[in-house]
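User: I've got a model up on screen and want to talk through its helices and charge pairs. Can you take me through it?

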Amino acid sequence: MTLLSPEQLTATKANADTFFEVAGKIFEGVEKLAALNLQAARATLAEVQENITKVAGTPEPQQWFALQPGFAGPSVEKSLSYGRQVFDIASTTQAEVTQLAQMYYARYNDRLQALAEEVAKRAPSGSEAAMAAWRSAMATTTTLYETLQKTGQQAVTIAGSNLDAIGATASKTGRNNAEPVPATTSAKQ
């Protein structure tokens, strides 16, 4: 029967804590997204009911068609708002998980550096080249991690900017399309 050493037990507990902390952040994001979807579904049902009531209260088919542009404008705005909220939830969750990952990576990197120093102290003479290669590999890994992190942050920023631009264009188009259509006079005159 093998027992874990105190160091292994501490490392195992730290890994479990890390997993549950990251999972907790992800579940918070999912919970926010579920609440947003429920809110959007309720609002949509209320809006549909209101629109059906308006249409049912109009006696002439021409009036039905005159009402339709008024339905489209608010729908476009609400869709854009929903998309923005989904993006905000996703980017906030991603930022929180990234922050945790950075913190744990920094701790891991510090422990790895300490291990490298300890190994270097105890390494036999003639192993300087191997130690230099190990340190170089660690430096390259750190640089790669930092580059990937910056690239990910830039991608989120660009996506947000693109969403804002698309939203502005779609909002303007939706408002233009929602302008009321002038009612035509009936042919009975």
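**Helices and salt bridges**

Analyst: Let's start with Thr-93, which is found in helix 2; helices here (H or I, at least four residues) are DSSP runs, numbered from the N terminus, as strands (E, at least two) are. This is a predicted model, where local features need pLDDT of at least 70, side-chain atom pairs count only at pLDDT 80 or more, and totals for chains, interfaces and linings use all residues. Residues are numbered from 1 along each chain as its sequence is written, and side-chain values use heavy atoms, with hydrogens and water left out.

User: Is Thr-93 buried or exposed?

Analyst: The cut-offs are under 20% relative accessible area for buried, over 50% for exposed and partly exposed in between, with a 1.4 Å probe and protein chains only. Thr-93 has 14% relative accessibility, so Thr-93 counts as buried.

User: Which residues is Thr-93 in contact with, leaving aside its neighbours within four places in sequence?

Analyst: Contact means heavy atoms within 4.5 Å. With those sequence neighbours set aside, the contacts of Thr-93 are Lys-25, Ile-26 and Gly-29.

User: How do helix 1 and helix 2 pack, roughly parallel or roughly antiparallel?

Analyst: Axes are lines fitted to C-alpha atoms, for helices over the stretch in contact, and angles run from 0 to 180 degrees between N-to-C directions. Helix 1 and helix 2 have axes 10 Å apart and an angle of about 175°. Angles under 35 degrees count as roughly parallel, over 145 as roughly antiparallel, 65 to 115 as roughly perpendicular and the rest as oblique. Helix 1 and helix 2 are therefore roughly antiparallel.

User: What kinds of residues make up the contact of helix 1 with helix 2?

Analyst: For sorting, Ala, Val, Leu, Ile, Met, Phe, Trp, Tyr, Cys and Pro count as nonpolar, Asp, Glu, Lys and Arg as charged, and the others, Gly among them, as polar. On that basis, the contact of helix 1 with helix 2 divides into 15 nonpolar, seven polar and eight charged residues.

User: How far apart are the end C-alpha atoms of helix 2?

Analyst: The expected span of a helix is 1.5 Å times one less than its number of residues. Helix 2 has 62 residues and should span 92 Å, which agrees with its end C-alpha atoms being apart by 90 Å.

User: How many salt bridges does the structure hold?

Analyst: A salt bridge here is a side-chain nitrogen of Lys or Arg within 4 Å of a carboxyl oxygen of Asp or Glu. Side chains of opposite charge can pair when their charged atoms come close. As for the number of salt bridges in the structure, it's six.

User: Where do Arg-84 and Asp-88 both lie?

Analyst: Their side chains meet in a salt bridge, 3.4 Å from N to O. Arg-84 is partly exposed at 22%, and Asp-88 is partly exposed at 33%. The two are four residues apart, about one turn, and both lie in helix 2 (residues 61-122).

User: How many residues apart in sequence are the parts that Arg-135 and Glu-117 tie together?

Analyst: Arg-135 forms a salt bridge with Glu-117, with the closest N and O atoms 3.6 Å apart. Arg-135 lies in helix 3 (residues 128-177) and Glu-117 in helix 2, so the pair ties together parts whose separation in sequence is 18 residues.
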